[in-house]
Amino acid sequence: MATIIVEVMLKPEILDPQGQAVASALPRLGFNFAKSVRQGKRFEIVVDGEPTHAQLAEVEAAAEKLLSNPVIETYVVKVEK
Amino acid sequence: MRIGVVTFPGSLDDSSALRAIRLAGGEAVPLFHASDDLKEVQAVVLPGGFSYGDYLRCGAISRFAPIMESIIVAAEHGFPVLGICNGFQILTESHLLPGALIRNQDLHFICADQPVTVENTNTPWTRGYTQGQRIVIPIKNGEGSYQASAETLAELEGEGRVVLRYADKNPNGSQNNIAGITNARGNVVGVMPHPEQAIESLTGPSEDGLIFFSSILQSLVAR
């Protein structure tokens with residue numbers, strides 16, 4: 001079994017009010033390390049055996065069509081063993 | 001005049017939209033997400049709510065419902081479609097309208113009577129208004145901030161495709177104070193405010209919203 005990871009982030013030019021809210025909450029808790037925070041989504045897709053090239057291409061297509069909205073978001077596909 | 005309203009799992013304002021159509025004098029036809037049958041309606045409303053719990057992104061899952069496949073094909077051939085709130089989000093996810101709606105700037109769910117200006121009266125849904133008319137209709141959403149690329153915004157402004165613009169103040173960070181837009185052909189309109197919630201003085205802040213529904217009936221008669 002392997003896990004295919006799809007990470008989706010808002011494009012840098014799109015305002016991320018959730019990330020900003022997290023960034024302003026951190027110092028209130030004494031965490032002063034963050035210059036800025038952006039929040040995204042992570043999908044863990046479990047497949048049988050080693051993912052094939054065809055499977056990865058399908059995951060790419062699904063990331064483009066459903067998991068992300070290319071108007072406002074970007075995605076990366078990775079494999080975790 | 002048969003006007004359809006689609007019920008998705010999680011739609012909230014479908015019965016209000018059906019009622020607004022009846023009050024305007026039309027025959028309101030309930031449509032269901034899981035069927036691709038448009039039941040010979042002449043126009044369709046995608047109502048507000050939280051279809052599929054707003055999971056993934058607002059409208060992202062509804063966009064692939066069987067009824068949407070029929071609506072997308074019809075809309076590309078000039079069939080009139082009005083998306084209200086969640087319906088607007090479904091239309092951007094369907095790429096029938098450009099841009100996207102994201103979380104409100106201050107993260108609040110906003111429920112308020114909102115003044116807006118009608119800027120395009122050439123659509124079948126807004127022909128009953130006068131250009132520049134100020135109306136008050138409710139907004140109620142958490143993800144109503146309209147975002148689009150600079151090129152898309154220039155295209156919308158240049159072609160007069162902004163249908164509604166927030167007046168007085170921008171409630172949610174929408175670019176160019178955009179509250180509603182139309183496609184290049186003018187048959188597909190998406191608005192964040194809820195015209196179906198402003199059709200009677202007893203229950204709404206005004207009766208201004210009813211004109212969306214009388215407009216579409218007039219447009220269909222004029223065809």
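Tutor: A residue is buried if 20 or more other C-beta atoms lie within 10 Å of its own, exposed if 12 or fewer, and partly exposed in between, with C-beta atoms placed from the backbone. The model is predicted: local features need pLDDT of at least 70, side-chain atom pairs count only at pLDDT 80 or more, and totals for chains, interfaces and linings use all residues. Residues are numbered from 1 along each chain as its sequence is written, while chains are lettered from A and ligands numbered from 1 in the order in which they are written.

Student: Which residues of helix α1 of chain B are buried?

Tutor: In α1, residues 14–24 of chain B, they are D14(B), S16(B), A17(B), L18(B), A20(B), I21(B) and A24(B). Helices (H or I, at least four residues) and strands (E, at least two) are DSSP runs, numbered from the N terminus. The buried residues of α1(B) pack against β1 (2–7), β2 (27–32), β3 and α5 (210–222) of chain B. After α1(B) comes G25(B), with a positive phi near 105 degrees.

Student: Why is Y52(B) called buried?

Tutor: Y52(B) has 21 C-beta neighbours inside 10 Å; the definition asks for 20 or more, so Y52(B) counts as buried. Y52(B) is in the loop between β3 (43–46) and α2 (66–76) of chain B. Its phi is positive, about 50 degrees, although Y52(B) is not a glycine.

Student: Is D54(B) buried or partly exposed?

Tutor: D54(B) has 18 C-beta neighbours inside 10 Å, and therefore counts as partly exposed. D54(B) lies in the loop between β3 and α2 of chain B, and its phi, near 60 degrees, is positive in a residue other than glycine.

Student: What makes a set of residues a nonpolar core?

Tutor: Its members are buried Ala, Val, Leu, Ile, Met, Phe, Trp, Tyr and Cys residues joined through C-beta atoms within 7 Å. The largest nonpolar core has 67 residues, of which I21(B), V44(B), V45(B), L46(B) and V191(B) touch the most other members. Apart from it lies another core, of 5 residues, including I4(A) and Y75(A).

Student: What radius of gyration does chain A have, against a compact globule of 81 residues?

Tutor: Chain A has 16 Å, whereas such a globule would have a value near 12 Å. The radius is taken over C-alpha atoms, and the globule rule is 2.2 Å times the number of residues to the power 0.38. Of the 81 residues of chain A, 12% count as buried.

Methods:
Two residues are in contact if their C-beta atoms, placed from the backbone, lie within 7 Å.
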